[in-house]
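Please look over the sequence and the 3D view before reading on.

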Amino acid sequence: MNAPAQPVLEVRNLSKSLGGKLILDDVSLTLNKGELKVLIGPSGGGKSTLLQCVHYLHRPDRGDVFLEGRSAAEMGRRNICAFRQEIGMIFQDFNLFDHLDAENNVAIALRKVKGLAKAAALARARAELDRVGLADKADLFPAQLSGGQKQRVSIARALAMDPKVMLLDEPTSALDPDLIGEVLNVVADLARGGMTMLMATHQIGFARRLTREIIFMENGRIIETGRPDDLLAPASESRAAAFCAKLTELLGH
Amino acid sequence: MFDLAYYQTLWPRLFSGFWLSLSTIIPAALAGLAIGVVVGTVRGAMFPRFLVAPLNAYVSLFRGTALVVQLFVCYYGLPQLAMWLKPFFAARGLPELWRIFYLSPYAASVLIFALCSGAYHSEYIRGAILSIKKGQFAAARALGFTQAQTFWNIIVPQAARRAWPGCGNEIVYLIKYSSLAYIVTFKELTGTAMTLANSSFRYAETFFAAGLYYLFMTTLAAWIMRRLEKAYAVPGFGRG
Ligand SMILES: Nc1ncnc2c1ncn2[C@@H]1O[C@H](COP(=O)(O)OP(=O)(O)OP(=O)(O)O)[C@@H](O)[C@H]1O
Ligand SMILES: [Mg+2]
């Protein structure tokens, strides 16, 4: 870590109202290359909305997102589609394409968006499925996969686009407890491999082990940020520590 | 009671009616499906907005009125409209466009069947589009799909699979209600059977034979639909 930090993603002063209510209030953050930052906070705090605004799935009311220095706010509609290609998004409920088998779920964007030939796209798809440990499930449809497998396919689908950043919105909260591990292992592998990621999660233990910065969000604002050991130490008296203590009490781990 | 000798002469004589029925059903089914796809897509996507209300009105009108009444309005009612328009056109030296309202029995039947069937198809297609989960659109957008790419690669393949059983049924219904064309004097299968029966007084044999022709058409249609449904079956969709 001697090289000067290069910001891959910069979020500047994002605000967003939905249904007349202020959901995001002047949120800023920076992700350097190879960094994993974890978003935590109570339900309804605006984590999903923030990730969706970063991805321009919601257009923010104010503020801007920079990917490697390029401003999203200044892009036209065409370029926004290209901008989205470079940011991988993982959803809580997977959102695999129901009519396609695993390998075609991964291949379709390669073919239709990136313009790869079918054979090349399928070869890449199989390589990505192999990377998430699903080489033998390539021809199964979403209805035939477990939740953990579906989430790993969706990670393979995002990785195939060679994203510069990955946004993960509670990738394990729709999963049975015994399936959470397989998905977290894939995310941990990505982190070790140097993928730049911003992840919303309630898996505090996992966050502690892998991230160097936790971002605590409440009521649409970033309240606290810091290294997990500092922020979550019981003595720190931070809001984040109180929140995690309550979470641990509820979930029992 | 059944006269076999009469039966043998019956088949070829009904065949011309069968042929006319087919030549009504096939264009009406294709046009109806095309109308249904366009109307159903616009209504399902709520876009473009200014078209949604008129298309809703079209669907309510054709689903909410009796098919026989629709045929009567088209075949007997439109010429009356032409009569009113004629002096208006003549006075201004305009081309005789009012003539298009004089429809042949065949044209009136195909037109009404296509419009009626299109209204029903559009309901199935609209429902199929509305049943696609929001997450499918979000995932497509997140991968960088444009709206057109999302439409062709995600919405169409999913909606088509969901709508197909309903649309297939509608085509089977169309085969049967095509028999109503006889009341606007079109000599299709039922009309031909009526004429033959009236002159021979062999109602049982004649209509039984006509029924077999219909059964043949509906069975064939249902078989083709099922083959297609199976060919495109995907686990998690319909019977797949
Ligand atoms: N389309 C919308 N219209 C109005 N309000 C919305 C809309 N979408 C989200 N909200 C509101 O925005 C707030 C933040 O929601 P968001 O989903 O971003 O929270 P979150 O931190 O991701 O919560 P969770 O942990 O439950 O996923 C909530 O109060 C929610 O009710
Ligand atoms: Mg959320």
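## Ligand, interface and backbone

In this predicted model, a polar side-chain atom of E170(A) lies 2.9 Å from an oxygen atom of ligand 1. Taken alone, ligand 1 exposes 640 Å², and the protein buries 62% of that area. Two elements of chain A, strand 2 (21-32) and helix 1 (47-54), each give two or more residues to the shell around ligand 1. Helix 1 of chain A gives the most, with three residues.

The shell can also be described by its members. There are 13 residues around ligand 1, and those that come nearest are S43(A), G44(A), K47(A), S48(A) and T49(A). Sorted by class, the shell around ligand 1 holds three nonpolar, seven polar and three charged residues.

| Residue | Atom of the residue | Distance to an oxygen atom of ligand 1 |
|---|---|---|
| S48(A) | polar side-chain atom | 2.7 Å |
| G44(A) | backbone N or O atom | 2.8 Å |
| E170(A) | polar side-chain atom | 2.9 Å |

In the case of G44(A), the atom concerned is a backbone N or O atom, whereas S48(A) approaches ligand 1 with a polar side-chain atom.

The next topic is the meeting of the two chains. How many residues does each chain bring to the contact? Chain A provides 24 residues and chain B provides 23 residues. Between them, chain B and chain A bury about 2000 Å², with 64% of this area on carbon and sulfur atoms.

Across the interface of chain B and chain A, one salt bridge is found. In this salt bridge, the side chains of D98(A) and K133(B) meet at 3.0 Å, N to O. The interface of chain B and chain A also has nine residue pairs in polar contact, with both residues of each pair at pLDDT 80 or more. On the side of chain B that touches chain A, helix 5 (134-142) and helix 6 (147-177) of chain B each supply at least two residues. The residues on this side of chain B comprise 11 nonpolar, nine polar and three charged.

Chain B as a whole contains eight helices and zero strands. Its elements, read from the N terminus on, follow the order α-α-α-α-α-α-α-α. Along the principal axes, the C-alpha atoms of chain B fill a box of roughly 70 × 60 × 25 Å.

Two details of the backbone remain. Most residues other than glycine have a negative phi, and most peptide bonds are trans. In chain B, a cis peptide bond joins F47(B) and P48(B), with omega of about -5°. P48(B) is found in the loop between helix 1 (4-45) and helix 2 (49-64) of chain B. In chain A, Y56(A) has a phi near 60°, which is a positive value in a residue other than glycine. Where does Y56(A) lie in chain A? Y56(A) belongs to the loop between helix 1 and strand 4 (62-67) of chain A.

Definitions and conventions
Residues numbered from 1 in each chain as written. Chains lettered and ligands numbered in written order. Heavy atoms only, no water. Near = heavy atom within 4 Å. Polar contact = N/O pair within 3.5 Å; in protein donor to acceptor, adjacent residues only side chain to side chain. Areas by Shrake-Rupley, 256 points an atom, 1.4 Å probe, with all protein chains shown as cover. Helix = DSSP H or I, 4+ residues; strand = E, 2+ residues; numbered from the N terminus. Nonpolar A, V, L, I, M, F, W, Y, C, P; charged D, E, K, R; others polar. Contact = heavy atoms within 4.5 Å. Buried area = accessible area lost by both parts, 1.4 Å probe. Salt bridge = Lys/Arg side-chain N within 4 Å of Asp/Glu carboxyl O.
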